[in-house]
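Please consult the sequence and the structure alongside the text.

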Amino acid sequence: MPVLMELSRLIVSEINDQQAMYLREVGGPRTFPILIGQFEAQAINRQLLEEEPFRPMTHQLLKNVVAALGGVIEEVVITEMKEHTYFAVLKVRVGDKVHDIDCRPSDAIAMAVHYSPILPIYVAEEVLSEVG
């Protein structure tokens, strides 16, 4: 059963390539970091700070494309961890069908923060057990 999480902290470093986002269990004690790329960290940070770019960036473009095609991103789920790499899906509804779109967790969270309110973020219990 996936566990509802929230983005609790984002560390953006200008002096090294490793950025980190921390997810925290909603109503619970568990938390864990995920190392992410600089571009994704900046995209997440820009949205959290409500700094709108002059032109749409990649995650806003994807949001616009999904909407133009009649879809709605409902939630993001970090589904598994293999060899220290996390995997995620975007749950995209088009009509009565929900599509699981494979993506990196950093892109999934970047998409989540492009919505108001932020999309629900879930993490598989197996992932939390493994990182816990």
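E25 counts as buried, because its relative accessibility is 13%; buried means under 20% relative accessible area, exposed over 50% and partly exposed in between, with a 1.4 Å probe and protein chains only. The structure is a predicted model, in which local features need pLDDT of at least 70 and side-chain atom pairs count only at pLDDT 80 or more, while totals for chains, interfaces and linings use all residues. Residues are numbered from 1 along each chain as its sequence is written, and side-chain values use heavy atoms, with hydrogens and water left out.

- E25 belongs to strand 2; helices (H or I, at least four residues) and strands (E, at least two) are DSSP runs, numbered from the N terminus.
- Apart from neighbours within four places in sequence, E25 is in contact (heavy atoms within 4.5 Å) with V3, L4, M5 and R30.

**Overall architecture**
- The protein chain contains 4 helices and 7 strands, arranged along the sequence as β-β-β-α-α-β-β-β-α-β-α.
- The radius of gyration of the protein chain is 14 Å, which agrees with the value near 14 Å for a compact globule of 132 residues; the radius is taken over C-alpha atoms, and the globule rule is 2.2 Å times the number of residues to the power 0.38.
- The C-alpha trace spans about 40 × 40 × 30 Å along its principal axes.
- Of the 132 residues in the protein chain, 36% are buried.
- Among contacts with a separation of 6 or more, 46% are between residues 24 or more positions apart.

**Helix 1 and its cover**
- Helix 1 comprises residues 38-48, and its buried residues are E40, A41, A43, I44 and Q47.
- These residues lie on the same side of helix 1, because they cover an arc of only 160° around the axis; the arc is that of the directions from the helix axis to the C-beta atoms.
- An α-helix has 3.6 residues a turn, so residues three or four places apart point the same way.
- The cover over the buried residues of helix 1 includes strand 1 (3-11), strand 2 (19-25), strand 3, helix 2 (58-68) and helix 3.
- E50, with a positive phi near 55°, follows helix 1.

**The largest pocket**
- The largest pocket has a volume of about 150 Å³.
- Its lining consists of I34, L35, I36, G37, E40, T85, Y86, F87, C103, R104, P105 and S106.
- Strand 3 (31-36), strand 5 (85-94) and helix 3 (105-112) are the elements that give two or more residues to this lining.
- On a 1 Å grid over the protein atoms alone, a pocket is an open set of points where a 1.4 Å probe fits, with protein on both sides within 12 Å along at least five of seven lines; lining residues have an atom within 4 Å of a point.

**Backbone features in the loops**
- Most residues other than glycine have a negative phi, and most peptide bonds are trans.
- E83 is not a glycine, yet has a positive phi of about 50°; E83 is found in the loop between strand 4 (71-82) and strand 5.
- With a relative accessible area of 76%, E83 is exposed.
- H84, in the loop between strand 4 and strand 5, has a positive phi of about 70° although it is not a glycine.
- H84 is exposed, with a relative accessible area of 75%.
- The peptide bond from S116 to P117 is cis, with omega near 0°, and P117 lies in the loop between helix 3 and strand 7 (121-123).

Key:
Grid points are joined across faces, edges and corners, and a volume is the space filled by probe spheres set on the points.
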